[in-house]
Amino acid sequence: MALCDQGDQPSRDLLLQGYPHVLSDDGLLSVLVGESGIQQVRGLLGDDVRDGLWHLCGDDLVTLEGVGPATAARLLAAVEMGRRMRSTSSNRRMTVTTPEDVAGVCEPRLRGLDREHFLALALNSKNRLLRVIEISIGSLNASIVHPRELFKGAVRLSAASIIAVHNHPSGDPTPSGADISLTRRIVKAGDVLGIDVLDHVIIGTDGQHASLRDLGLM
């Protein structure tokens with residue numbers, strides 16, 4: 001008998017039996033928000049459900065009929081767990097040498113966020129990733145970063161170098177004057193501590209990113 005997310009076997013049972021791969025997007029959504037909430041959530045997400053999930057917020061969800069705070073929180077938690085698992089599972093001890101490598105590590109973690117998040121990739125002497133460190137969360141269009149906080153985690157990990165990373169929620173990764181100024185301060189601080197700052201990469205949307213190193217701005 002073919003498995004599907006319609007008919008006699010509800011989506012929840014298929015998940016519990018170990019068949020998540022046979023469920024459609026709607027089947028998975030039904031487990032999170034119930035059958036009655038699927039179309040309402042789809043109304044929020046638009047045509048691209050999977051990309052739209054990254055942009056969900058609690059205020060939107062709780063306005064939907066049949067979706068209360070508990071259901072909204074459950075859905076947001078599932079999305080965030082997916083974000084973290086996608087970021088972590090593919091990046092364990094990988095070598096980071098190019099801006100494209102940086103984007104591959106950080107874009108899943110930063111996708112859909114409506115505030116600037118500033119990260120540091122701590123690397124060993126062979127450019128292998130030790131850890132992605134979240135430094136700060138800023139405003140809609142500005143990061144709040146002090147070099148002291150940026151290097152604290154790198155020092156604890158005995159990192160040989162770091163790569164600074166942050167997102168532009170606008171989607172345009174073009175460095176601002178403040179980005180350039182901050183990068184130069186970070187480089188000077190790294191010189192004092194003996195930790196090389198290899199690059200500062202800004203993540204936009206749709207795979208766009210900008211390397212201040214490649215642009216000659218550091």
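Q: Let's start with strand S3, is it mostly covered or open?
A: Strand S3, residues 161-167, is mostly covered, with seven of its seven residues buried. Keep in mind that this is a predicted model.

Q: Which residues point which way from S3?
A: Ser161, Ile163, Val165 and Asn167 point one way, while Ile162, Ala164 and His166 point the other way. Residues on both sides are buried.

Q: Okay, zooming in on Ala164: why does Ala164 get its burial label?
A: Ala164 has a relative accessible area of 1%, and buried means under 20%, so Ala164 counts as buried.

Q: And what does Ala164 touch?
A: Leaving out residues up to four places away in sequence, Ala164 touches Phe118, Leu119, Asp199, His200 and Val201.

Q: Which of the S4 residues is the bridge partner of Ala164?
A: That would be His200. If you like C-alpha distances, Ala164 and Leu198 are separated by 8.1 Å, and they sit 34 residues apart along the chain.

Q: Nice. How many bridges are there between S3 and S4, and is the pairing parallel or antiparallel?
A: There are seven bridges, and S3 pairs with S4 (residues 196-203) in the parallel sense. Another place to look is Ser161, which stands opposite Asp196 in S4.

Q: What about S1, how does S1 run relative to S3, parallel or antiparallel?
A: Strand S1 covers residues 117-123 and runs antiparallel to S3, with six bridges joining them. For one partner to check on screen, Ala122 has Ile162 as its bridge partner in S3.

Q: Back to S4, how many of its residues are buried?
A: Six of the eight residues in S4 are buried, so by the under 20% cut-off S4 is mostly covered.

Q: Which way does S5 run against S4, parallel or antiparallel?
A: S5 (residues 209-211) runs antiparallel to S4, and three bridges join the strands. Val201 stands opposite Ser211 in S5.

Q: What should I look at in the hairpin of S4 and S5?
A: Have a look at Asp206, which takes a positive phi near 55 degrees. The hairpin has five residues between the strands.

Q: Let's step back to the whole chain. How many helices and strands are there?
A: The protein chain has nine helices and five strands.

Q: How much of the protein chain is buried, and how many of its contacts join residues at least 24 apart?
A: Of the 218 residues, 40% count as buried. Among contacts between residues at least 6 apart in sequence, 56% join residues at least 24 apart.

Q: And what's the accessible surface of the protein chain?
A: About 11,900 Å², and carbon and sulfur atoms account for 51% of that surface.

Q: Switching to the surface then, which residues make the nonpolar patch?
A: Leu15, Leu28 and Val31 make a nonpolar surface patch of about 190 Å².

Q: Where does Val31 lie?
A: Val31 lies in helix H2, which covers residues 25-33.

Note on methods:
Residues numbered from 1 in each chain as written. Predicted model: local features only at pLDDT ≥ 70, side-chain atom pairs only at ≥ 80, totals over all residues. Heavy atoms only, no water. Buried < 20%, exposed > 50% of the residue type's maximum accessible area, 1.4 Å probe, protein only. Helix = DSSP H or I, 4+ residues; strand = E, 2+ residues; numbered from the N terminus. Pairing = 2+ DSSP bridges. Contact = heavy atoms within 4.5 Å. Areas by Shrake-Rupley, 256 points an atom, 1.4 Å probe, with all protein chains shown as cover. Patch = residues over 30% accessible without salt bridge, like charges linked within 9 Å, V, L, I, M, F, W, Y side chains within 5 Å. Salt bridge = Lys/Arg side-chain N within 4 Å of Asp/Glu carboxyl O.
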